Amino acid sequence: MISAAPAFGLNLPDYPWEAMAPYVAKAAEHPGGVVNLSIGTPVDPTPELVREALAGAANAHGYPTVHGTEALREAVSTWFATRRGVPGIDPRDVLPTVGSKELVAWLPFLLGLSAGDVVVRPTVAYPTYDIGALLAGATAIAADNLDELDAATRSRVRLIWINSPGNPTGSVRDVESLRQIVAQAREIGAVVASDECYAELGWGGWDAQRGGEAVPSVLDPRVTGGSDGLLCVYSLSKQSNLAGYRAAFVAGDSSIVANLVNSRKHAGMIVPYPVQEAMRIALGDVGHVLAQKDLYRGRRERLLPALQNFGLEIHESKAGLYLWSTAGEATWDTVRRFADLGIVVGPGVFYGDAGNGFIRVALTGTDERIDAAVERLNTAR
């Protein structure tokens, strides 16, 4: 709900996670301590080589560049080629950002969207997509395919958000699905922004380390035929435990990236130089990424059957850090039952109307806390 307009300040909805306070308090009463699996914040250490890079760049007495160092942008280009199947990205078409949430929230405004324009976001989605539209004065509409929109609405679409792998659902768009939505967007002259920060964390058929296929990017040559009208948004928070660094980037359409660089220069939206160096080193080392994925894979393999034993059905959850689950009851009833076990989970209703009846269970607990949750779930019924 949106409160009465303040005399000063933005008139935005209350931050939804405040509604979790009573459930967090209830879970904290458990004699074995709380297990908080509600938020996807990393709990494992930042890799030593990344911390060394940050410290080594600490003598940063001059202003960093908004566009980022050439070395960082070249590292991003190389990473796209070696890890995402996207060769040949011009480093000029890369821009570091202060975490990916910042870009998600401000992109509609920075693209010049305004009243009357439509931003399409997934049916079940990270709420910041809606906030970004609201900040620009545009209208957010939930749809997973432009065919779901009537002709009048479709004609006003200026920005389409893809989130693959998805938060909270863990759904993955294959090459054909990406190709279709890119073609639809180009027909109407809309920008496609693809939020891909969980791409290294595919499971099952999308687990490249276990014989599966790598999660495709919107910039994949099989999808695009060029980056015109396309942006790929990526964060190192998940794969490298850099959430506290606010380390992310966007790459894609040359003219759009150039315009974003110019606008962000005026606004002072700059990634600190030590963080840029930490990003550069992190992108060049795949070992720590695969080691972290192994930790999450093990936690997932223990937690998933325990949730099923507790009576939940797991939907999608093909990639990412979450198990999108339902007990066939109202979301808040499930949240309460988990709190009674000392476990905090994310309410599906925070991710749109289509999330009602679901909860999001994060893999971001230590091994000890994951094992505590598994024991409680397995003995509760």
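Arg 360 lies over the face of Tyr 322, 3.8 Å from the ring centre. For a charge over a ring, NZ of Lys or CZ of Arg must be within 6 Å of the ring centre and within 35 degrees of the ring normal. Lys 293 does this too: its charged end sits over the ring of Trp 203, at 5.5 Å from the centre.

Ground rules. This is a predicted model, where local features need pLDDT of at least 70, side-chain atom pairs count only at pLDDT 80 or more, and totals for chains, interfaces and linings use all residues. Residues are numbered from 1 along each chain as its sequence is written, and side-chain values use heavy atoms, with hydrogens and water left out.

Now ring on ring. Rings of Phe, Tyr and Trp (its six-membered ring) pair if their centres lie within 6.5 Å; planes under 30 degrees apart are stacked, over 60 edge-to-face, the rest tilted. That rule gives 15 aromatic pairs. Take Tyr 23 and Trp 332: stacked, 5.2 Å centre to centre, 20° between the planes.

Trp 332 also pairs with Phe 350. That one is edge-to-face, at 5.9 Å and 70°. Ring pairs link Trp 17, Tyr 23, Trp 332 and Phe 350 into a cluster.

How buried or exposed are they? Buried means under 20% relative accessible area, exposed over 50%, partly exposed in between (1.4 Å probe, protein chains only). Phe 350, at 12%, is buried. Tyr 23 is partly exposed at 21%. Trp 332 is partly exposed at 27%.
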